[in-house]
Amino acid sequence: MFLAVFSTKGSDEVSPDATLMQQLLRRDVSAFEELYERHSRIVYSLVLRILRQGSTAEEVVQDVFLQLWRNSSRYDTSRPFVPWLLTLARNRALDHLRLKSERQRRREDQTEEFPQIATAAPEYEKALDEGRRAERVRALIGSLPAAQKKAIELAYFEGLSHSEIAAALNEPLGTVKSWIRNGLIRLKEGLQATS
Amino acid sequence: MSNHDQLRELIEAYALGSLDSTDRALIEAHLASGCSECAKALEEARWLVSQLAHLAPTAEPSDMLKGRLLQTVRAEAAGGPAPQQEARGAAIPWWLWAGVAALLLFSVYSAWNEQHLRNAVANLQQQAEAQRIERQKLEEQLRVAKLQAHEAMIWMDPKSVKIMLPPKDPKMPQLEAMWHPELGLCVRGWKVPSPGDNRVLQLWLIPKAGGKPMPSVTFWPDASGTFSAMVENPPDALSATQALAVTEEPIGGSPQPTSTPMWVGGVS
């Protein structure tokens, strides 16, 4: 499903996304449109999963892409683009979620407006194309025990801390920490195993 | 195990953003001390965490969103700075030296002035952007405050009608709603279990006249099971509604119920 959205790249070539981001510096609207076509689906899916409401999710996606357009110079073209964009979108959506639920739980808000998020693709990144990697991620996380999977989802999609997750799941804090760490290590090893 | 090894174990959770403040401060201090191994591990952990986005069910944004974005971007591109002209080199006759020198001086001044103006414009744009973001934040805070005040009015006004929604499953908590004929409808609950994966709770209005339930707002409880949902403009009038019901639906809500109601409460 994600095959149409993503592209793979060779080790030394400049990624199409990096090229498009460079074109944005020259205010190239068609480059913006192509970036939107390539990535709006995965960004919207992520934001909708976090906010669970279509209209609010679209507001946040609009904000993310406009920031991309207005601050393209902040993107380091040597870094992988999609993880950077997804991190940015997740931060924005969680920001929105925190603001919305402020009356229910006061939370610390540390997210910068347009952060410099240094992300580096590991060696095994190129072992799978994005579509197959997406399937693998779903299978690996899906194979975890239900409570462990829930803990990871609460952290990623709802931005909860270890202690908040422990309280929500009524589990010891140490257990939650191990679940999250081991779950992510299992994901990493599972993706590495395909390389 | 060394301090470095212990902190290295926190890197994945730090990238996920799930560390509590004490652990977060420890790892940030360690990173600030210049540990290149942990800095590299963090960059790779961020990549790994970003892969969790693939767990989200695939959804398609509306065409209207693309239209709105392109409209804004085209307008901004049209008003953006013009591309810089390339410098030219050309032979100049000797008798034009004086004129050229004057022209050169003028060009240097113009270039300096242009750069100065560009910097000023860039600064203004940055300030405008910062103000836009601040305004957006304030508007959102105002919206939340208005919503809270609106909710409080609904819960306190004597014209409001209270509706209890007992659960079908006796192990579940009861929900309560308050409906004001002009101000709208509020539903809230405590200790409500989270809906299943990629599911939300959805409110329905059952018309007195019969026919299909009318879809209303979707919502979900927070980690403690608390929620408060408000419908400013219910799809039907209080007097025309027989009951309220709540079902579990796929994320985004449904046009008609796809599961049995978990809570139902008659409107008296």
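1. A helix, as the word is used here, is a DSSP run of H or I at least four residues long, and helices are numbered from the N terminus. In this predicted model, helix H3 of chain A spans residues 54-70, and Asp63(A) lies in that helix.

2. Asp63(A) and Ala89(A) are 26 residues apart along the chain, and their C-alpha atoms are separated by 9.0 Å.

3. Chain B contains an open sheet of four strands, arranged in the order S1-S2-S3-S6 with antiparallel pairing. Strands S1 (161-165) and S6 (227-231) of chain B each have a single partner strand, so one side of each is left without a neighbour in the sheet. On average, neighbouring strands of this sheet are turned by 15° against each other, direction ignored.

4. The pairing of S1(B) can be followed in detail. Five bridges join S1(B) to strand S2 of chain B, residues 175-180, and the two run antiparallel. Lys162(B) has Met178(B) in S2(B) as its bridge partner.

5. The two chains also meet: 50 residues of chain B are in contact with 65 residues of chain A. Helices H2 (11-16), H4 (36-50), H5 (63-78) and H6 (97-156) of chain B each supply at least two residues of the side that touches chain A. H5(B) gives the most to that side, with nine residues. By residue class, the side of chain B that touches chain A divides into 23 nonpolar, 13 polar and 14 charged residues.

Definitions and conventions. Residues are numbered from 1 along each chain as its sequence is written. Chains are lettered from A and ligands numbered from 1 in the order in which they are written. This is a predicted model: local features need pLDDT of at least 70, side-chain atom pairs count only at pLDDT 80 or more; totals for chains, interfaces and linings use all residues. Two strands pair if DSSP finds at least two bridges between them. Axes are lines fitted to C-alpha atoms, for helices over the stretch in contact, and angles run from 0 to 180 degrees between N-to-C directions. Two residues are in contact if their C-beta atoms, placed from the backbone, lie within 7 Å. Ala, Val, Leu, Ile, Met, Phe, Trp, Tyr, Cys and Pro count as nonpolar, Asp, Glu, Lys and Arg as charged, and the others, Gly among them, as polar.
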